[in-house]
Amino acid sequence: MSYRLPGVVQPTDRPGPPPGPAFSLGSLWYDEAVRGVAIQILVLLGVFATVAWMIANVVANFAILDKTFGFEFLWLPANYDINQTLIEYTNRDTHLRAAAVGLINTGLVAFLGIIVATVLGFLVGIFRLSENWLVSRLAYCYVEFTRNTPVLLLILLWHGIFINTLPHPRQAMTIGGATFLTNRGFYVPKPVFESGFEWVTLALAAAIVGAILVHRHVRRVREATGRQLPGGWISAALIVGLPGLTYAAVGASLSFDVPELQGFNFEGGLYLTPELVALTWALAFYTSGFIAENVRAGILAVDKGQIEASQALGLPRRRVLRLVILPQSLRVIVPPLTSQYLDLTKNSSLAIAIGYVDLVGTLGGITLNQTGREIECMMLVMLVYLAISLGISMFMNWYNRRVRLVER
Amino acid sequence: MRILSRALSGGLAAAVGLAMAVSMASAGTLDDVRQRGHLICGINTGLVGFAAPDDKGVWKGFDVDVCRAVAAAVFGDANKLRYKNLTGKTRFTALRSAEIDMLSRNTTWTFSRDVDLQLTFVGINYYDGQGFMAPKKLGVKSAGELAGASVCIQTGTTTELNLADFFRANNMKYEPVPIETNAEARTNYLAGRCDVYTTDRSGLAATRAATDNPDDHVVLPEIISKEPLGPLVRHGDDQWADIVRWSLNAMIAAEEMGVTSKNVKEMASKENKNKEVNRLLGVEELQGRERLGLSKDWAVNIIAQVGNYGEVFEKHLGKKTPIGLDRGLNAQWTDGGLIYAPPFR
Amino acid sequence: MSLPATASPTYPPGQHPDLPPPPGSAGVVGWLRANLFSSVFNTALTFVSVWLIYEFVTAAIDWFVLEAVWEAGSRVDCRKQGDGACWAVIATRVDQFVYGFYPADQRWRPVLTFVLLFPALAPVLFDRTPYRSQLLWFSLAYPALGAWLIHGGLGLPVVDTDAYGGFLLTMILGVTGIVASLPLGILLALGRQSQLLVVRVLCVTFIEVVRGVPLITLLFIASTMLNYFLPPGTNFDLLIRVLIMVTLFAAAYLAEAVRGGLQAISRGQYEAADSLGLSYWKKTWLITLPQALKIAIPGMVNVFIGLYKDSTLVVIIGLLDPLGVARAVLADAKWNGLSNETYLFIALFFFMSCFAMSRYSLWLEGRLSVGDR
């Protein structure tokens, strides 16, 4: 806070260098601008010198060890197999492709983990503020346990629990005879798209566009008249109905590939390895504790008057939460959420502990061990993580700005 | 800023007082070791039978005893020894940067490690090979029946590559489940996450022994790779390589000649019929011993303090241990095995 | 009390004795009604919770206590005695879990170091500690003292870093990491706020790069490649290399916590310091930094908790932290196969210490928000 007294002249800027009698080299040191430039040049020189020194050392060390620096090894055949490949891969493919498989696996587990952690975190955060004493206590225990245990241990523990408690494929737990839960992983029916299905996809896209238009209209009506149209129901009917009708009109063009037990394992269907399931769950479990605390803090940050006012308007509890509390608390919740997402992504690199083959497992693991290219491999791994981190930061900053616009 | 951070962190670490032991790799490893007063040996972070701490926190095992033998040869005291626990990733870096004097960590002797990584394997102390273990109730008799199976692998070495080669050669599909540590791989296998577990056969035997009912599991007959394990040193110091090589050979030769930790003192104090025993135990002069810088009773110290090859095998891996391995390929050549020491002459 | 005394005219206004609360709104019943059974939904939630707790607790007690075996010579021995947890493995190896392979006759040194940690921490953490200003000198000397006690030299026998393990190693990593990263983190935070473009860009780059990569990649660098960046033949201890990396890692996170503190101070403080004509360092050292650090302490404690938990990752590069000791212990043929017991034991330890620290951080936050702001 600064107060301006009337009649007192405020200096608008810092006083410049004191007027010296004559120019001398020493006086330059007291000139802030000159000094700033000098410091910056010195720092820059220092950094360059260090980097040059380190590169010179690497060159000298490599000369002694008869090693070369280069990325040719990425085009050599990898010779090892990976159990979860979302893109085509055999052990005859290159190290580069193996690294890509690993990167996609990292992306998959981070993506799934973030979704699960967010849902779980919001639920627990809301439970934590529940009026029910028992529920809020349980949520409290959950939060404290997840936040105060090392994530590596949680990954090991959850993986152990998954593979020890779920049954063997031959005694698989089944949901409707089509989805199977086993300690070899989860098998779910895989949709197989046949000819004519593009019409259904098109219909779905149209339905989504329609739903967005309905939503806009509902909002306009509400803002103009205060009337609440049943927009949710109309949208739901659109999204379910339009593709459904098209599906019926074109004729059965979608079938499901149902997993079946053959020999040692199930064949067919969509297969989720237990490592993916356990890692996703453990990461989400760990992170959800932190998110729950963020959510709680965000909700508590909403002015009590807001809640009381909305209750006074006669809004039901669920609407109060959805229309009044959450939109306002999101502004508090989102910034720390970003760093939770980043942490989750980085923690996914612990996958190697339980045998989920991610980027660190391929490029930073088996490839590194086989080719002995420590510097190259680790450099690439770090660059990729850096890129992912920056990507998530940028996305969340964009979202954050959007949420902020709500502020009036 | 980075220079500052480096200087600061480096300076702080030094100020905190932990030994900033900047040592230069020099030609004379033996001199370095003597001057230091103890040998530094790289071992596993924990592998049943080969390196594990006992209840008192003393590292014991088949690989550890090779280190102890070298310490006994150099110092006359098998306990003048420090261990560095190394992972599959860090072991060669540690050896090449002179962080350790020798490596005895179930390391397979391969062409590329010997030539490309510039390491000297001084011998073979265990002939191993990659195999498979499966639950008996699965009814699998041979590895050829494993099409479509989930396979747990202990990673970090050539295991994945051998496995990929084997299944490709036999034109079978499989699901690899690579896992860093033996403990986790074991958990996965026992929980039924995998149908079979693959690693070196010694590791399979150890894992099998640690199940609630070892008879429920069978080790399949196929061996899909050769894994000759042995101690190794850096290229470029032949004197040191010779010391480690002949320390191992002394243990092997002692078994062949019937010298044990019990009778070694007695045999060393008198003239024996077998001239080679005399030379080994310093009763007669062994030509060139001084060149290695070893004392006359170097082999006596090894055998008295550590034991001969057979004793060490029985103590850590043999029938009386929970692991219960046969000598198999690791029997003396006189018993039809591959263990064979060049003559002491 | 100014209740309108309409209920009973026999009392003068304001003198009516308190009536008992309506039945069912106080005491056990009232509490239950308000907190557990206030609505149908709430009641359902309560029953689900009770069922969950019952299932979990009975199974846990069975395994943890009732069926557990506390004394045995080996895993096989354990299984003969009961089906629950085999705590014998912890009981036999507890020394290794605590000290690693620190020589038995020297163990008073880490113990003393640990005990001294509290008088060293107290004046830093609690501002009402008696003799605070004198004790602060002790806090300043503590890192050197602790390092000397643990490592030896100058009269004490030297204990090599390979012998450090178990929870001792966790403490070394955590405490050294935070102490060494504190000055660096503060410098980075100041650099990030600097007017000088080069300094600012370098600091931001460093902070973002370190925060953008997983700790495990930094540890891999420490274990396999750091030597390449140093003159040929240089070789220093793995633990030191790891400590350097951990310090850099913690510094980046700490810098962000301190930056939060610097930004939370009102602009007036900066302007007032400027108007007094203080130089940059005087302004920082005397005015802004002390206030910023005070605000940043809860955030810094959280960084420390994170670092402390992340120290378990060193097992992946072969250091014998509690998880590494567990791995080594399980490699003993006698105990092979008891991973659940060891993991849970370690988890319990971490939970207790982290929980205590997070309580402290909460308490501090509470104090700061009601106290001097």
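How many residues of chain C are in contact with chain B, and how many of chain B with chain C? Here is a quick tour, bearing in mind that the model is predicted.

1. Let's start with that contact. Chain C puts in 53 residues, and they meet 53 residues of chain B.

2. Which elements of chain C give two or more residues to the side that touches chain B? They are helices, running from α4 (88-99), α6 (132-151) and α7 (166-192) through α8 (197-212) and α9 (215-225) to α10 (238-264) and α13 (322-330) of chain C.

3. As for the make-up of this side of chain C, you'll find 26 nonpolar residues, along with 18 polar and nine charged ones.

4. Chain B also meets chain A. In this contact, 26 residues come from chain A and 28 residues from chain B.

5. On the chain A side, three elements supply at least two residues each: α1 (32-65), α4 (151-165) and α10 (359-371). The largest share, four residues, belongs to α1(A).

6. Sort the side of chain A that touches chain B by class and you get 13 polar residues, eleven nonpolar and two charged.

7. Now for chain A itself. Its fold has eleven helices and eight strands, and of its 408 residues, 34% are buried.

8. One last thing about chain A: take its contacts with a separation of 6 or more, and 66% of them are between residues 24 or more positions apart.

Conventions
Residues numbered from 1 in each chain as written. Chains lettered and ligands numbered in written order. Predicted model: local features only at pLDDT ≥ 70, side-chain atom pairs only at ≥ 80, totals over all residues. Contact = placed C-beta atoms within 7 Å. Nonpolar A, V, L, I, M, F, W, Y, C, P; charged D, E, K, R; others polar. Buried ≥ 20, exposed ≤ 12 C-beta atoms within 10 Å, placed from the backbone.
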